[in-house]
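Please read the points below with the sequence and the model side by side.

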Amino acid sequence: MPSTPSPQQPVPADPSQGGAEPGSAAPSTVVPTRAAATSRRLVLWVGVLAALVILVDQATKIWAVAQLEGEPTIELLGRWLHLTFIRNEGAALGIGSGYTWILTIVVIVVVVFILRSMRRIGSRGWAVALGLLLGGALGNLIDRIFRAPGVAQGHVVDFIGYGDLFIGNVADIAVVGAAVMIAILSIQGIGIDGQRHSAEGEASETSAGSGAPGAPAVPEETPDVKPEEKDEVPSAAAGQAEATPDETDAAEGPDAPTTRTVS
């Protein structure tokens with residue numbers, strides 16, 4: 001009777017040859033999971049920091065309305081730092097007075113941009129910067145919407161004076177701090193995703209990868225030769241070639257010296 005071949009048992013993958021061990025998770029799934037968890041944690045940081053800024057900003061504004069409105073200036077560090085209550089219908093330094101509703105729209109656009117950017121966040125520095133910026137923008141936006149004289153035209157409560165420059169509030173401090181942090185991160189080349197993006201780094205990667213397998217070959221530089229030089233080189237070589245037979249005939253003529261060997 002013909003023998004029936006036994007079914008071959010599956011050969012386990014060899015880890016040394018690139019095979020995956022049974023039960024081991026693929027790196028391609030582990031890394032995105034960790035990145036997603038880190039991003040969610042940083043988004044939580046942004047939300048918590050923004051909430052703290054809003055809480056402190058609104059609490060100090062309520063205190064300023066109750067204690068400083070209608071009162072004279074209180075000097076803290078002379079004229080360099082003082083408490084002066086005002087209701088600001090414009091932006092910082094009084095810019096945009098009379099266009100409160102436009103400033104409200106601008107702030108809403110900034111808030112939407114921050115919320116959309118939070119999806120790509122991967123840096124702690126950017127998390128702090130966006131948290132401060134979001135909290136400061138929402139702190140003043142609350143005044144624009146809910147304070148007198150009306151919705152989208154409310155005046156912002158300012159009470160912290162810096163010499164004769166301008167008068168601001170806690171939300172303004174948060175916005176300025178965020179701007180400084182964003183400038184520092186940009187100078188360092190750190191993107192919102194946490195990756196370092198710098199011109200020198202890209203140049204070094206390009207030069208280092210030029211010799212890698214599969215990289216396009218770099219053509220060798222050849223010296224530039226002028227057309228006149230190209231024409232002169234063959235003609236000079238031809239002249240030498242023509243002069244060679246004459247010199248050979250002259251050397252083999254009757255007057256050519258003979259050499260005798262004396263034994």
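The numbered points below take up the basis of the model, its salt bridges, a surface patch and a helix pair.

1. The model is predicted: local features need pLDDT of at least 70, side-chain atom pairs count only at pLDDT 80 or more, and totals for chains, interfaces and linings use all residues. Residues are numbered from 1 along each chain as its sequence is written, and side-chain values use heavy atoms, with hydrogens and water left out.

2. Five salt bridges are found in a search of the whole structure (a side-chain nitrogen of Lys or Arg within 4 Å of a carboxyl oxygen of Asp or Glu). One of them joins Arg-87 and Glu-69 at 3.5 Å, N to O. This pair links distant parts of the chain, 18 residues apart: Arg-87 belongs to strand β2 (residues 82-88), and Glu-69 to the loop between α1 (27-67) and β1 (74-75). Helices (H or I, at least four residues) and strands (E, at least two) are DSSP runs, numbered from the N terminus. Arg-87 is partly exposed at 36% relative accessibility, and Glu-69 is partly exposed at 38%. Here buried means under 20% relative accessible area, exposed over 50%, and partly exposed in between (1.4 Å probe, protein chains only).

3. A salt bridge also connects the side chains of Arg-79 and Asp-164 (3.5 Å, N to O). Arg-79 sits in the loop between β1 and β2 and Asp-164 in the loop between β3 (156-162) and β4 (166-168), so the pair ties together parts 85 residues apart in sequence. Arg-79 is partly exposed, at 44%, whereas Asp-164 is exposed, at 72%.

4. Arg-147 and Asp-143 form a salt bridge at 3.1 Å, N to O. Both residues are buried. Through salt bridges with shared partners, Asp-57, Lys-61, Asp-143 and Arg-147 are joined into one network.

5. Ile-105, in helix α2 (residues 100-117), is partly exposed at 45%.

6. How do the axes of α2 and helix α3 (residues 124-146) cross? They come within 10 Å and cross at roughly 150 degrees. That makes the two helices, α2 and α3, roughly antiparallel (a term for angles over 145 degrees).

Terms used. Axes fitted to C-alpha atoms, helices over the stretch in contact; angles between N-to-C directions. Parallel < 35°, antiparallel > 145°, perpendicular 65-115°, else oblique.
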